[in-house]
Amino acid sequence: MRLVTFNDPVGDPVIVNVDLIRTMDGDTDNSGPLTDIFFDADHKQTVRGSLDDTFQAIMAAVEKQGLAGG
């Protein structure tokens with residue numbers, strides 16, 4: 001398991017499992033842009049921010065922390 005810490009689009013730190021990155025739109029009630037990030041098969045967290053911005057923040061952190069690749 002490779003863990004990466006990134007700041008979500010509003011600046012809150014979030015830890016995600018690089019080997020199981022899966023994101024989806026978490027905005028089910030039109031309350032604003034939210035993204036669900038799956039840490040593993042059983043654990044999901046919702047962060048404030050659009051799907052695209054969140055995924056870009058994760059990828060930037062992966063590259064910065066040297067976790068890209070296999």
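The talk below sets values against definitions.

Mentor: This is a predicted model; local features need pLDDT of at least 70, side-chain atom pairs count only at pLDDT 80 or more, and totals for chains, interfaces and linings use all residues. Residues are numbered from 1 along each chain as its sequence is written, and side-chain values use heavy atoms, with hydrogens and water left out.

Trainee: How many helices and strands does the protein chain have, and what makes a run count as one?

Mentor: The protein chain has 5 strands and 1 helix. Along the sequence the pattern reads β-β-β-β-β-α.

Trainee: Why is F6 called buried?

Mentor: Buried means under 20% relative accessible area, exposed over 50%, and partly exposed in between (1.4 Å probe, protein chains only). F6 has 3% relative accessibility, so F6 counts as buried. F6 is found in strand β1. Of the 70 residues of the protein chain, 29% count as buried.

Trainee: What is F6 in contact with, leaving aside neighbours within four places in sequence?

Mentor: Contact means heavy atoms within 4.5 Å. The partners of F6 include D12, P13, V14, V16, I37, T54, A57, I58 and A61. I58, in turn, is in contact with F6, V16, I21, T23 and I37, again leaving aside neighbours within four places.

Trainee: What makes a set of residues a nonpolar core, and which residues form the largest one?

Mentor: A nonpolar core is a set of buried Ala, Val, Leu, Ile, Met, Phe, Trp, Tyr and Cys residues joined through side-chain atoms within 4.5 Å. The largest has 11 residues: V4, F6, V14, V16, V18, I37, V47, I58, A61, V62 and L67. Two or more residues each come from β1 (3-7), β2 (13-17) and α1 (51-64). The largest share, 3 residues, comes from α1. In soluble globular proteins, nonpolar side chains tend to be buried together.

Trainee: How do you know that M59 and A60 are partly exposed?

Mentor: Both lie in helix α1. M59 has 32% relative accessibility, so M59 counts as partly exposed. A60 has 46%, so A60 counts as partly exposed too. For M59 and I21, 38 residues apart along the chain, the C-alpha separation is 9.9 Å.

Trainee: Why is L20 called partly exposed?

Mentor: L20 has a relative accessible area of 37%, so L20 falls in the partly exposed class. L20 sits in the loop between β2 and β3 (23-25). Neighbours within four places aside, L20 is in contact with F38, F39, D40 and A41.

Trainee: How many positive and negative side chains are there, and what makes a side chain count?

Mentor: Lys and Arg count as positive, Asp and Glu as negative; His and the chain ends are not counted. The protein chain has 5 positive and 12 negative side chains. The centres of the two sets lie 5 Å apart, with each charge placed at NZ of Lys, CZ of Arg, CG of Asp or CD of Glu.

Terms used. Helix = DSSP H or I, 4+ residues; strand = E, 2+ residues; numbered from the N terminus.
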